[in-house]
Amino acid sequence: MPKPAALVRLEDELARRPKELTQAKAQGKRILGYFCSYIPEELVWASGLIPVRLCRRGDNQAATIGRSFLTTNSCPFACSCVGLKKQGRDPYFKLVDLVADAPACLQMRRVFEVWERYFGVKVILLSFPRKFYLPEASEYFARMLEPFTRELSDYSRIPVTPERLSRAVELYNHIRRRQQRLYSLLREDPPPITWRDVFRIIHAGFVLDREMYRDILDELLEEILPQPHTNRPPQARLLLAGSIMAPGDEKLFNILGELDAEPVMDELCTGSRGTWGQVDAPNEGSLARHYLTNIPCSSLPYPRLEDDPRHAHISRLIKDYRIQGVIYHTLHFCDAYNFKVQHLHNLLSSYSIPLLHLNSDYSMADAGQIRTRVEAFLEIIQDRSA
Amino acid sequence: MSVVTKSFDTIHKFLNSPRLEFGLRILHDPSIVTDIRRLDGRFLKISAWGIFKFLVEALWKYPGMFDYEIDPSLRGMSELTYMILSLEERVKAARKRGVKIVGKWPANPTDPYFVDGVMALDPFLAGYCRLLAEGKPDLVKRGRARLSEEACPAQAAAYSILDEETYPMDFFYPFIGPWCYDSQYCFEALRHKVDGDYGDHPVFNQRDDRLGISREYLRQELLRFLKRLEELTGKKIDPEALRREFILENKLRRVLREIIALPQEEPPPIDSLAMILSVFICSDWLGDPEAALQVLSRIRDAGYERLAKGRRGMLVQKYPVRILITGIAWGDLGLYNMVDELGGVIVGSDCVYNLFHKDIDTDGDPIDILTDRFLATPYTWQVEERSMWTVNTIRSAKRVDGLIFNCNFGCNYQAAEARFVTDIVKRETGIPCLITDADLPKENRGQMRTRLGAFIELLKERQLED
């Protein structure tokens with residue numbers, strides 16, 4: 001199937017974006033970087049700062065540099081975020097004027113502190129509660145959004161007026177609706193678009209101008225919806241879940257590609273997670289509720305097994321996307337995800353869904369081993385289907 | 001080594017160790033030991049015969065304790081060892097009597113956990129007690145197999161003792177946030193075994209004016225925690241009883257500060273292991289703050305007596321260099337013996353010191369006091385402030401010649417601060433710093449000996465220059 005024109009445009013815009021940002025900076029605009037999806041981007045946009053989600057898989061060298069600032073026990077993504085800044089080669093890491101941190105992942109908290117101390121980057125810390133299931137936590141988070149917004153405005157010198165916030169909420173709700181629509185297409189068999197393309201489209205939204213991104217999403221949906229579905233049905237309906245998979249983290253995808261396999265859905269913070277739900281009103285309370293009580297990241301623990309919202313969400317995805325197997329990909333030392341494997345395994349066993357846990361990093365040393373395990377996993381699924 | 005050879009080896013060690021001599025001395029002079037009694041008189045009763053029997057039984061019951069040189073002639077040390085090794089039995093006995101066992105994590109302040117009808121248990125410490133008794137790291141290995149191969153040894157041991165139900169636990173209520181990162185996930189992985197909830201200590205910027213809102217949120221969390229304890233025990237918590245606990249724990253904190261000041265004296269009257277075993281217990285007072293106070297007071301008094309007589313601690317060499325440990329203290333107790341043998345002495349460990357570095361107010365609303373208590377824990381601060389706290393600890397100490405920042409395998413909480421803290425300490429104080437990596441007890445001893453030996457040599461050279 002030929003590549004949709006909107007997708008080609010998206011790629012062109014992505015290639016142009018670093019230059020655009022450099023020009024915007026030269027014109028006095030400020031760029032705010034953030035790592036975690038718990039930062040309410042609506043507020044950043046409404047304050048006139050250019051939001052960029054700093055989410056890149058660095059090379060092994062970047063991770064090694066990062067380790068010298070953090071520890072060999074830190075996850076490769078955290079190390080990479082330090083290393084990329086130190087290397088100064090990645091345009092987005094280079095261009096940001098300041099960064100904002102809502103420390104859901106506490107390993108990332110150290111990354112910000114290293115950035116502040118060793119690289120002299122201004123950091124705005126958004127105080128963050130961990131009991132996402134408690135209404136009082138949402139109230140607290142809402143109260144903390146007020147000074148956060150003030151700080152953003154102080155920096156951009158553009159006040160976040162109700163009108164600007166309203167526009168921002170409308171824009172981001174629209175984007176989320178469109179992204180959700182894309183994900184819903186993956187339920188079809190065969191789907192009109194591949195998961196890999198959807199995943200790339202989501203990533204484009206981390207850096208592109210958000211209004212332009214919204215328009216591209218609209219164009220894309222208009223373009224692909226009436227098309228006949230000529231993609232081949234996937235050989236196994238896989239759900240990909242686990243630790244952060246940053247743009248550029250292609251090792252697993254390449255292996256899957258070689259084996260002619262691909263997920264049909266993900267449960268990743270760089271994928272579908274941020275696309276669920278809508279902010280119901282343009283105010284701090286609604287933003288806080290949306291961000292805190294949406295599908296929770298594993299870095300926020302939940303004390304009860306019987307009604308764990310993450311399990312409920314994965315169960316829903318299994319049903320809605322007719323999942324046959326789950327690949328749970330974790331990064332080394334990402335304990336928030338690693339420590340949960342046993343309970344997830346028990347949950348999936350109750351549905352007779354096989355689980356493949358891959359614990360890896362950014363080196364290629366384990367590529368052969370992963371390939372063997374994925375191959376065996378696909379065989380298991382095929383045997384079961386037969 | 002065969003089982004028989006190993007047994008003979010252990011017996012040989014025992015016969016040649018100061019423990020036998022000490023045990024025999026106790027039998028001839030029972031006044032050396034007096035009972036350790038909790039206020040209710042139930043938990044501990046130690047007689048001279050009991051101690052002797054304990055030392056003999058320890059041969060096969062706690063083979064691990066023969067791997068370390070614990071100073072038995074330091075008054076209070078045998079009782080402390082007894083408390084450590086008997087923790088399991090005491091927790092089980094308390095639970096049989098209807099006491100509720102509530103789990104906490106190491107750095108969480110103990111004060112709010114000891115209310116009427118509740119015994120606090122820190123699974124980290126309990127895991128280490130078990131490791132000390134067993135003398136082999138199987139507990140950690142089993143924990144890693146089920147939790148994660150990348151779990152730090154303390155997490156893995158804590159996971160094992162709860163998953164295998166070695167220790168009973170009625171409820172788990174750790175405070176999470178800027179504390180040990182992985183603990184929250186370790187407890188989450190134990191949800192199939194233990195009911196519980198979290199206390200939410202939000203990560204916030206302590207440098208700005210938003211402290212008030214965050215403080216109030218934490219205050220409400222502490223109230224929720226105490227309410228949960230009331231539901232658990234069916235007893236109303238008396239604010240005055242809480243205040244009495246603060247006063248008792250202030251006494252404990254003071255004694256610990258006095259104990260860690262001892263190795264800074266010349267000559268150091270207690271060795272590194274005696275110091276570290278004493279301060280380690282601040283994590284849950286081994287389930288019994290009253291008994292802990294008596295035992296620690298004895299150790300302190302014995303230290304003062306030795307100091308007055310100019311006597312050195314058991315393994316302390318002449319004119320040792322003084323080393324402060326920060327990060328996470330070594331779980332391998334043999335390393336403390338090693339430091340002494342190499343000519344150093346450990347004068348404190350930040351990871352526990354940050355829990356007792358100062359008293360808390362006892363006047364005013366107990367919940368306000370507790371809130372301030374939580375906020376006054378330097379390890380929860382931003383790393384710049386936490387580093388300056390270590391700098392100030394060094395500056396206000398009588399003598400610190402070098403700093404060791406220890407990183408446990410799997411730890412991304414303290415370990416991620418190692419470079420940050422040591423950079424600041426070096427800049428501000430000029431003392432040499434060493435970063436070590438440790439994992440299972442008794443592992444990498446050779447490498448550690450080389451590194452510690454070189455570091456202590458460097459410190460000694462500087463000492464001579466001065």
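Glu465(B) counts as exposed because its relative accessibility is 66% (exposed is over 50% relative accessible area, buried under 20%, partly exposed in between; 1.4 Å probe, protein chains only). Glu465(B) sits in helix α19 of chain B, residues 445-465 (helices are DSSP runs of H or I, at least four residues, and strands runs of E, at least two, numbered from the N terminus).

The model is predicted: local features need pLDDT of at least 70, side-chain atom pairs pLDDT 80 or more, while totals for chains, interfaces and linings use all residues. Residues count from 1 along each chain as written, chains are lettered from A and ligands numbered from 1 in written order, and side-chain values use heavy atoms, without hydrogens or water.

Stay in chain B. Lys442(B) is partly exposed, because its relative accessible area is 35%. Tyr319(B), also not a glycine, has a positive phi of about 45 degrees. Tyr319(B) occupies the loop from α13 (289-309) to β6 (321-327). At 57% relative accessibility, Tyr319(B) is exposed. Most residues other than glycine have a negative phi, and most peptide bonds are trans.

Now the cis bonds. Glu266(B) and Pro267(B) are joined by one, with omega about -5 degrees. Pro267(B) is in the loop between α11 (239-261) and α12 (272-280). In chain A, the bond from Asp189(A) to Pro190(A) is cis, omega near 5 degrees. Pro190(A) belongs to the loop between α8 (162-185) and α9 (195-204).

Chain A holds 16 helices and eight strands. Of its 386 residues, 62% are buried. Its C-alpha trace spans about 65 × 50 × 45 Å along the principal axes.
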